Amino acid sequence: MSVQKVHADGAQGAKLSRGLGFIDLWSVGVGALIGGGIFTVIGPAAAQAGPALFVAFLIAGVVALLSSLSYAEMASLWPYEGASYAYSKFAFLPISKDLAQWMALLCSMLYFLSFAFAAGAVNMGFAGYFQYLFPSLTPQFVAPIVSVLITLLLLAGIKTTGKVNTIFSIIQVAALFVISIIAMFSNPSGPFTYPEFLPNGWTGVFAATALIAFGQMQVEAVLTLGEEAKNPRRNLPLAQISALATVVVLYICTGYGVVSAADIKALSESSAPLSLAVEKVLPVGGAMLISIAALTATGTSTVGCLLGSSRMLFAAAREKAIPAIFGKVNEKTKVPANAIIFTGVIALATTLMSSFGLGQAISIAVGAAVFSNWLMMALMNIALIITRIKQPHLRASFRYPLNIKNIPVLAIIATVAAMAILAYIEPIPLLIGISWVIVITIWYFAYSRKRWEFLDESELED
């Protein structure tokens, strides 16, 4: 199949625009990663890990960083839209075309479903902090409006989205670092002053790590924009690793700081644990500072959710793995408009479900999203190992360190660690995640397999 046919079927020759430089890509990564982990899981994680909360952040961060190196090497080999969709397709192709296509569809649809739902949950978080600044505006009113506005921002074009996201990301990183440093210095030895550092043992720390994994879910967000990045083989790996490193350091400092500033029991019972900790050490202006950080963080997290989900949908659609209408690129804005609108509609529907009090259902969906994405991390590590074995001639501009006979040893460790984290996910989200895998497999054999129009590397490069 020719590239011309792909364009004709899609958007009459329109192509995605390379409008994102390194800072824009870094901001997408940072913005996508911060929102969930800092503001939604500190309370439950503190209940599990106790004073060792920062250790759980450290473990989750190290595993995510190790896995990100696999993503980074494959991004430098195959810097195409959809990230893990493209990586799995080309990594598993030497084994079997069926396996390659199924893995690509699995990764893209797990990502799409996970983050379309997660975006709805994050919108509610945004609305909750917005109400603190404007008490008369309820979350039920604000959250759907936020969902629509962010969808419209994405439709405006990738350059506009990137610049707005960069400003918000810088604000939230600065605010959160100030908060965490003040909290840490208020009681430097805080976590070690408790009678028990590990009240629930290491089991509690690992259970907290599984919760904190929600914050590392979007490690791939920036890589889904491979065909909208400038100098992608250099900028994609660099932006992804630097964004994750920024966030991991921020998470560890925050985990240490909140335990230093507030009582563990109070943190675990609070609906806004970070606000509780900040108000303890910064009674004047602290609540305002945390609200600004929360608004920018949840806003950029929603942008990351919708960007990644829509690009996964686009990548699958242009090869007809799903209906081709989602592979169309708007002539004027150079973005996959139909994919963005569809993702935005699902996020809006999830937001409305949250507004009507179905928060527990959304919480379960987010748990399933954690399962999906840490499963994908394990699969991407495996994909890199298979690439090294089956395609040893490939020379990536970024290479995973510490190799023995061309095998990335740390990628094997990261695979085992990611799978181990899955064991600590609650049963219902685990079953939902497994059910998604089954549904996607049925879809592949019933719909995608006979319609798939495989694009090789030369066609994607063009």
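pLDDT is the predictor's confidence in each residue, from 0 to 100. The chain here is a predicted model, where local features need pLDDT of at least 70 and side-chain atom pairs count only at pLDDT 80 or more, while totals for chains, interfaces and linings use all residues. Residues are numbered from 1 along each chain as its sequence is written, and side-chain values use heavy atoms, with hydrogens and water left out.

**How confident is the model?**

- The chain has a mean pLDDT of 86, and 92% of its residues reach 70 or more.
- Among the elements of the chain, α5 has the highest mean pLDDT (96), while helix α1 (residues 3-11) has the lowest (41). Helices (H or I, at least four residues) and strands (E, at least two) are DSSP runs, numbered from the N terminus.
- Over residues 1-12 pLDDT stays under 50, and the model has 27 contacts beyond four places in sequence for this stretch. A contact means heavy atoms within 4.5 Å.
- Where pLDDT is low, the predicted coordinates should not be read in detail.

**Salt bridges**

- Ten salt bridges turn up in a search of the whole structure. The rule asks for a side-chain nitrogen of Lys or Arg within 4 Å of a carboxyl oxygen of Asp or Glu.
- E319 and K89 form a salt bridge through their side chains, at 2.5 Å from N to O. E319 lies in the loop between α13 (286-317) and α14 (337-355) and K89 in helix α5 (residues 84-92), so this pair ties together parts that are 230 residues apart in sequence. Both E319 and K89 are buried. Buried means under 20% relative accessible area, exposed over 50%, and partly exposed in between (1.4 Å probe, protein chains only).
- E461 and R233 also meet in a salt bridge, with 2.8 Å from N to O. Because E461 is in helix α18 (residues 457-461) and R233 in helix α10 (residues 232-261), the pair ties together parts that are 228 residues apart in sequence. E461 is partly exposed at 43% relative accessibility, and R233 is partly exposed at 32%.
- In a salt bridge between E453 and K320, the N to O distance is 3.2 Å. This pair links distant parts of the chain, 133 residues apart: E453 sits in the loop between α17 (427-451) and α18, and K320 in the loop between α13 and α14. E453 counts as partly exposed at 22% relative accessibility, whereas K320 is buried, with a relative accessible area of 15%.

**Aromatic rings and charges**

- A pair of aromatic rings is described by the distance of the centres and the angle of the planes.
- The count comes to 17 aromatic pairs. Rings of Phe, Tyr and Trp (its six-membered ring) pair if their centres lie within 6.5 Å; planes under 30 degrees apart count as stacked, over 60 as edge-to-face and the rest as tilted.
- F54 and F192 are an edge-to-face pair, because their ring centres are 6.1 Å apart and their planes stand at 70°. F54 is in helix α4 (residues 53-77) and F192 in the loop between α8 (158-186) and α9 (201-212), 138 residues apart. F54 is buried at 13% relative accessibility, whereas F192 is exposed at 53%.
- Y85 and W452 have ring centres 6.3 Å apart and planes at 5°, so this pair is stacked. Y85 in helix α5 and W452 in the loop between α17 and α18 are 367 residues apart, and both are buried.
- One aromatic cluster is formed by F54, F192, F197 and Y256.
- K89 has its charged end over the ring of F454, 4.5 Å from the ring centre. The rule here is NZ of Lys or CZ of Arg within 6 Å of the ring centre and within 35 degrees of the ring normal.
- The charged end of R451 likewise sits over the ring of Y447, 4.0 Å from its centre.

**Two buried residues**

- T151, in helix α7 (residues 139-155), is buried with a relative accessible area of 10%. Its contacts, leaving aside residues up to four places away in sequence, are L306, I340 and G344.
- L69 belongs to helix α4 and is buried, with a relative accessible area of 15%. Beyond four places in sequence, L69 touches I241, F398, Y400 and P401.
- The C-alpha atoms of L69 and A414 are separated by 9.9 Å, although these residues are 345 apart along the chain.
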